[in-house]
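The report below describes a single protein chain, moving from one residue to the elements around it and then to the chain as a whole. Please keep the structure in view while reading.

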Amino acid sequence: MRQQLKTIKVGDRQLDLFAHDVSTSTPPAVRHTAPPAPPVVAPVVIPLVVPALPSPPPLPSPPRTADGPPLRQLQLGAHMVEFALRRSTRRSIGFMIDDNGLRVTAPKRVTLAEIDNAIRAKQGWIVSKLRERGERKVERQQRPPVAWVDGAVLPYLGGEITLRLHQAPRHRASFQRDTNELHVWVTPAGSEAQLKEKVKSWYQHEARQLFEARLDLYAARLGVCYDSLSLSSAGTRWGSCTVERKIRLNWRLIHFALPLIDYVVAHELSHLLEMNHSPRFWATVESIYPDYDGAKQALRKRSQELPVLFN
């Protein structure tokens, strides 16, 4: 019998194996060996990269004016809040929050320390509303503006109208209600700013006529009389009412459907009876506009969806 010695290496060990000649009929003795240990592989460490979260938008602050009083500051938790303070003859401290931040109105007899304590008592609500306003302001700024060209689509009374441009020796505008088209004639040398101003003037004219009609309708239902109406251009403050019975309505309400305009009208007229936002005030609103809560939510939602028309 002829045997062959075979040598193989596994790792750093040498193993001798006897292989039987292929001509023999006797099976060779098999020598069982333990399988080689697997090589030790160092674990691969993958660094955990946490993407940086976008920083929240800053809380809005009232604009600074050269001739106005300086803004006051107050630390509310992690936020330094700036606010405008105005003194008045009202009996209590009032808070107003809009895209321009926090405005506080307080009686003359109230000390600054008392005002700060009143703000701290409502700091959860104040910071939440300021954060919400800041986020909405960023959303509006990121929304693409309307392209002022022939065929542009503009919002009007909850729907859409089409802008039609023509050349003429002077600027003028005319609305065709049967086709929902706003025709605007501009001079050949006219600028986009002049076109936008003409469209804005048309919007404001439409708003005043409609607001007066709706004010008269709801004032009769409520049994009140208002002194005057004026149009405002506030960012998102839709209306106001003074103790002198003067009502201001934001002309941009003309973008919204009539039920939302009616809600703001009913809201401001109700202040002629209740100059506050007490349960009695909301009961007054409900007496002439039952679904005021639904309209309030719809107005907030719709205002975030409007395209950017005018800066």
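In which helix is the place of R302? The model is a predicted one, and in it R302 belongs to helix 6, which covers residues 292–305. With a relative accessible area of 23%, R302 counts as partly exposed, because buried residues are those under 20% and exposed ones those over 50%. When the neighbours within four places in sequence are left aside, R302 is in contact with F256 and L260. The C-alpha atoms of R302 and G158 are separated by 9.0 Å, although these two residues lie 144 residues apart along the chain.

**Two packed helices**

Helix 4 (residues 258–270) packs with helix 5 (residues 279–288) at an angle of about 135°, and their axes are 9 Å apart. The two helices are therefore oblique to each other, and helix 4 passes helix 5 in a right-handed crossing. On the side of helix 4 the contact is made by Y263, A266, H267 and S270, while helix 5 contributes F281, W282, T284, V285 and I288.

An open sheet with mixed pairing is built from four strands in the order 3-4-6-5. Strand 3 (72–76) and strand 5 stand at its edges with a single partner strand each, so one side of each is left without a neighbour in the sheet. Neighbouring strands of this sheet are turned against each other by 35° on average, if direction is ignored. Two of the pairings are set out here.

Helix 1 (residues 112–121) lies across strand 3, strand 4, strand 5 and strand 6, and runs at about 40° to strand 3.

**The chain as a whole**

The protein chain holds six helices and 13 strands. Of its 311 residues, 35% are buried, and the chain exposes about 19,600 Å², of which carbon and sulfur atoms supply 54%. Among the contacts in the chain with a separation of 6 or more, 45% are accounted for by residues 24 or more positions apart.

Key. Residues numbered from 1 in each chain as written. Predicted model: local features only at pLDDT ≥ 70, side-chain atom pairs only at ≥ 80, totals over all residues. Heavy atoms only, no water. Buried < 20%, exposed > 50% of the residue type's maximum accessible area, 1.4 Å probe, protein only. Contact = heavy atoms within 4.5 Å. Areas by Shrake-Rupley, 256 points an atom, 1.4 Å probe, with all protein chains shown as cover. Axes fitted to C-alpha atoms, helices over the stretch in contact; angles between N-to-C directions. Parallel < 35°, antiparallel > 145°, perpendicular 65-115°, else oblique. Left-handed = near helix turned anticlockwise from the far one by under 90°. Pairing = 2+ DSSP bridges.
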